[in-house]
Structure formats: C-alpha cells, structure tokens
Amino acid sequence: MISRFQWLYQGLAVLAAVFICLTLAIEIAIIVGRFANFQIDGADAYAGYFMAAGSFLALAATLRQGDHIRVTLFLQRLTGKSRVYVEIFCLAVATFLTGYFAYYSAKLVYGSYTFHDISQNTDATPLWIPQLSMAIGLFGLFVAFAEEFVYVVRTRRLAREETDEMARTE
C-alpha cells in the first residue's frame, strides 16, 4: 500500500530518533556527572520527557512498517471475506480509540497550557511542552490507522498482505 502520508510517518520517526538519542545523551551526562561529582538539576525529568517523546512519536512509523505487536493468532486462521471483515472491525476500533486518545491528549496539552501547569521536579518545565509530543504522536497514529482502515474498506484487501507481496517480488 502506497501511503499519502509517508512524509508524516518518516518525519515523526526522525523526531523520535532524535529524542531517543537525546535520552542517551542525558543519561550519559548523568553518569559522567556522578563520577565527576556534579549533578544536573532536572536531568532525570528530561530523560523521562525525551523517552516518552521518542516512544509516542515512533508509533505511526512502526505501525506502517508492521512492527507493532498485533494479535494475529486469530486472524491467521481466517480466510477470504471473513478475514477482511474482522480486519475492518479491528481497524475501525483502533481508529476510533486512537482518535479518542489523540483528542483528549490534545485537550490535556491545552489545559496544561491554559492553567500554566509546571513539573513538580526541580526543572519546573511547563507540562504542555512534554505533553505535546504525546498528542502529536497519537495524532500520527490516528492518521496511520485511519489511512489503513480506508484502504481496506475500499479495496477489500489487507494492506499488510499487499506490502508483503511487493517485498517478495523485489
């Protein structure tokens, strides 16, 4: 399946990689700081923020690459139309739930911004900043699920099977 939003998924994946690398850099700085007898205030909090950002921003790209853990034990036993209809049902539920989560995480970001929520750690970071990566990542996942749902409904073919067939022929 050729995606119209591949640029979005790849962009989010690059951002996720940047945040994971920043997590590593902060952890190395914390370790070096312990040996050199100095402490970076709020470094643990930022490591957590960056790890969460990396995780959420990577969701859409990993779904599109088929790297998410999926419950295929049941689906593999189905064939033909029944498999497609069960897949449509699963994609509809996943699309609805990720849309729900994306919407409410965006509301959380807006609420944190409006009420000037700050971190309870020594860093005192405005919470809407780290929460924004969660909202963006969930929105990307919603787009990925919605795109796959529309594709399967229109073509009555499973997107993953077509991708596997293309990979085998290359």
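## Loop residues with positive phi

Asn37 lies in the loop between helix 1 (6-35) and helix 2; helices (H or I, at least four residues) and strands (E, at least two) are DSSP runs, numbered from the N terminus. Phi of Asn37 is near 65°, a positive value in a residue other than glycine. With a relative accessible area of 72%, Asn37 is exposed; the classes are buried (under 20% relative accessible area), exposed (over 50%) and partly exposed (in between), with a 1.4 Å probe and protein chains only. This is a predicted model, in which local features need pLDDT of at least 70 and side-chain atom pairs count only at pLDDT 80 or more, while totals for chains, interfaces and linings use all residues. Residues are numbered from 1 along each chain as its sequence is written, and side-chain values use heavy atoms, with hydrogens and water left out.

His116 lies in the loop between helix 4 (80-114) and helix 5. Its phi is near 55°, again a positive value in a residue other than glycine. His116 counts as exposed, at 64% relative accessibility.

## Overall fold and dimensions

The chain has six helices and zero strands, giving the pattern α-α-α-α-α-α along the sequence. The C-alpha trace spans about 65 × 40 × 30 Å along its principal axes.

Of the contacts with a separation of 6 or more, 73% are between residues 24 or more positions apart; contact means heavy atoms within 4.5 Å.

## Surface and charge

Buried residues make up 35% of the 170 residues. The accessible surface of the chain is about 11000 Å², and 67% of it belongs to carbon and sulfur atoms. Accessible areas come from the Shrake-Rupley method with a 1.4 Å probe; for residues, only the protein chains shown count as cover.

There are 13 positive and 14 negative side chains, and the centres of the two sets lie 13 Å apart. Lys and Arg count as positive and Asp and Glu as negative, with His and the chain ends not counted. Each charge is placed at NZ of Lys, CZ of Arg, CG of Asp or CD of Glu.

## Buried polar side chains

Gln131, in helix 5, is buried with a relative accessible area of 14%. Its side chain makes a polar contact of 2.7 Å with the side chain of Ser112. A polar contact is a pair of N or O atoms within 3.5 Å; within protein, one must be able to donate a hydrogen and the other to accept it, and residues adjacent in sequence count only if both atoms are side-chain atoms. Leaving aside neighbours within four places in sequence, Gln131 is in contact with Leu108, Val109 and Ser112.

Arg64 belongs to helix 3 (residues 59-64) and counts as buried at 12% relative accessibility. The side chains of Arg64 and Glu148 are joined by a polar contact of 3.3 Å.

Leu158 sits in the loop between helix 5 (128-155) and helix 6 (159-169). At 6% relative accessibility, Leu158 is buried. Not counting residues up to four places away in sequence, Leu158 touches Arg83, Val84, Glu87, Tyr151 and Val152. Its C-alpha atom is separated by 51 Å from that of Gly33, 125 residues apart along the chain.

Ala45 is in helix 2 (residues 43-57) and is buried, with a relative accessible area of 11%. With residues up to four places away in sequence not counted, Ala45 touches Asn121 and Asp123. The C-alpha atoms of Ala45 and Phe89, 44 residues apart along the chain, are separated by 39 Å.
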